[in-house]
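Please report on the ligand site and the domain layout of the structure below. Keep it brief and cover the backbone details too.

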Amino acid sequence: MDKMLIQGGTPLEGEIRISGAKNAALPILAATLLSTTPHRLKNVPKLGDITTIKRLLEKIGATVSEEADHCVIQVQAIGNNEASYDWVKTMRATILVLGPLLARCGEAHVSLPGGCAIGARPIQLHLDGLEKMGAEIHIEHGMIHAKAAKLKGAPIYFEAPTVTGTENLMMAAALAEGTTILENAACEPEIVDLAHFLNRCGAQIMGAGTDKIVINGVSSLSGADYEIMPDRIEAGTFMLAGAITRGDLMLKRCNPADMGSIIEKLQATGSEVKIQKKSIRVIGKEIKAVDAKTLPYPGLPTDMQAQFMALMSVSDGLSVITETIFESRFNHCAELRRMGADIRLEGHHAVIKGVPHLSGAPVMASDLRASACLILAGLVAEGETEVLRIYHLDRGYEAIEEKLSQVGASIQRVKGSL
Ligand code: EPU
């Protein structure tokens, strides 16, 4: 396993180019299953999770070829409508093939994901929605078996907004007979990106980005050329890297319009944030203690909570971070404490008393965003920080050590260590 070695203390200065969004690319790649003709996708990030879904699509019957700046995917025929536990245990987002496979070939077998480091993460709302559309679903030996000769449009109300649940049902409904109305749908920008892609393929989806999405099913979809949206969580993470090192970072090719809550929160801590249409400049100044609460979009994303905690660890006072989306997304706290942070956990609140300095230490990454949090802490800590188990990081941040080195960080990947 690789690890990352960081010498903290350098203010980061320069430009970073933001990659395509992992959480938009994953459902869009799954949606290529809905048509027989080729898709040309641009700005697909080079990440562990993206390689996993491409390999899964190939196993199902896709041909995938990488060209200079795009990826061509075609699924002429489905040879295999199963995604076994080997795929699901590698990546939970494998569940995103369930809706498209069922819509395309009337039958799908996908292993049921278990919990993960950040919470129980049920998918019952995906299954309830598919049942409302006429699917017969049963779970046996840990596998979801779903069948529907032809899915039928239906009104579906989500008890809680779910991102991949909304995406799964939107994809299934695109080829269903009649109209599906998703209410209390998730509103994340990645859902809008998926809807734009599907509409480019010939789907009829209205209202994505609001809590009511209307999908008029069509009889077939075609291939499309599409450019994946920029990754707002990668951009947010680098914004915090600028702030925590009191540097001056210009982030290029991002979409500030999707990042209001992150921008506002960072401004409240004292950083200067300058916004243009496709770029954000962060000039790190003081770090004031500010409370934060994760919420569904447009609230502060849970995927930024760990990184924000790194920033609050070196703030000038007391802050409370409340996690409302995932019940155990605080694994990074114990690691931050090993670096000298003063954090107390009370249920789904973390009470953080800012300290003047963190001190470098060996720390263990437990999930993707916790890894990003430890990298941020390492960038500001005194001395050397060793972040172990960075395979989590490689699932969601493209070339992070190269991007950070380019702006002055002392960060190095060490291959093959424990
Ligand atoms: N929920 C239910 N029942 C369900 C589905 C969800 O109660 O059937 C609950 C969950 O337990 C949770 C809440 O709804 O409390 C939100 O979960 P959601 O289903 O929206 O999460 P997800 O779709 O599994 C996606 C992202 C996550 C991100 C969350 C929240 C992808 C591939 N994953 O997960 O991204 O944290 O939405 O925004 O889009 C990451 O990139 O690091 C990551 C974990």
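## Backbone details

Asn43 sits in the loop that runs between β3 (39-42) and α2 (48-60). Helices (H or I, at least four residues) and strands (E, at least two) are DSSP runs, numbered from the N terminus. Asn43 is not a glycine, yet its phi is positive, near 60 degrees.

The peptide bond joining Tyr297 and Pro298 is cis, with omega about 10 degrees.

## Basis of the model

This is a predicted model: local features need pLDDT of at least 70, side-chain atom pairs count only at pLDDT 80 or more, and totals for chains, interfaces and linings use all residues. Residues are numbered from 1 along each chain as its sequence is written, and side-chain values use heavy atoms, with hydrogens and water left out.

## Domains and their interface

The protein has two parts: domain 1 (3-19 + 230-414) and domain 2 (22-227). These bounds come from an automatic or database domain assignment. The C-alpha centres of domain 1 and domain 2 are 30 Å apart.

In domain 1, 23 residues are in contact (heavy atoms within 4.5 Å) with 21 residues of domain 2. The two domains bury about 1700 Å² between them, and carbon and sulfur atoms give 47% of that. Buried area is the accessible area (1.4 Å probe) that two parts lose on being put together, summed over both. Tyr297, Arg395 and Glu398 supply 33% of the area that domain 1 buries against domain 2, more than any other three residues. Tyr297 is also a partner in the cis peptide bond.

## Ligand shell

## Polar contacts and burial

Which residues make polar contacts (N or O pairs within 3.5 Å) with oxygen atoms of the ligand? A side-chain N or O atom of Thr164 is 2.6 Å from a ligand oxygen. Val163 uses a backbone N or O atom, at 2.7 Å. Asn23 places a polar side-chain atom 3.0 Å from a ligand oxygen.

Taken alone, the ligand exposes 830 Å², and the protein buries 84% of that. Accessible areas come from the Shrake-Rupley method with a 1.4 Å probe.

Definitions and conventions
A polar contact is a pair of N or O atoms within 3.5 Å; within protein, one must be able to donate a hydrogen and the other to accept it, and residues adjacent in sequence count only if both atoms are side-chain atoms.
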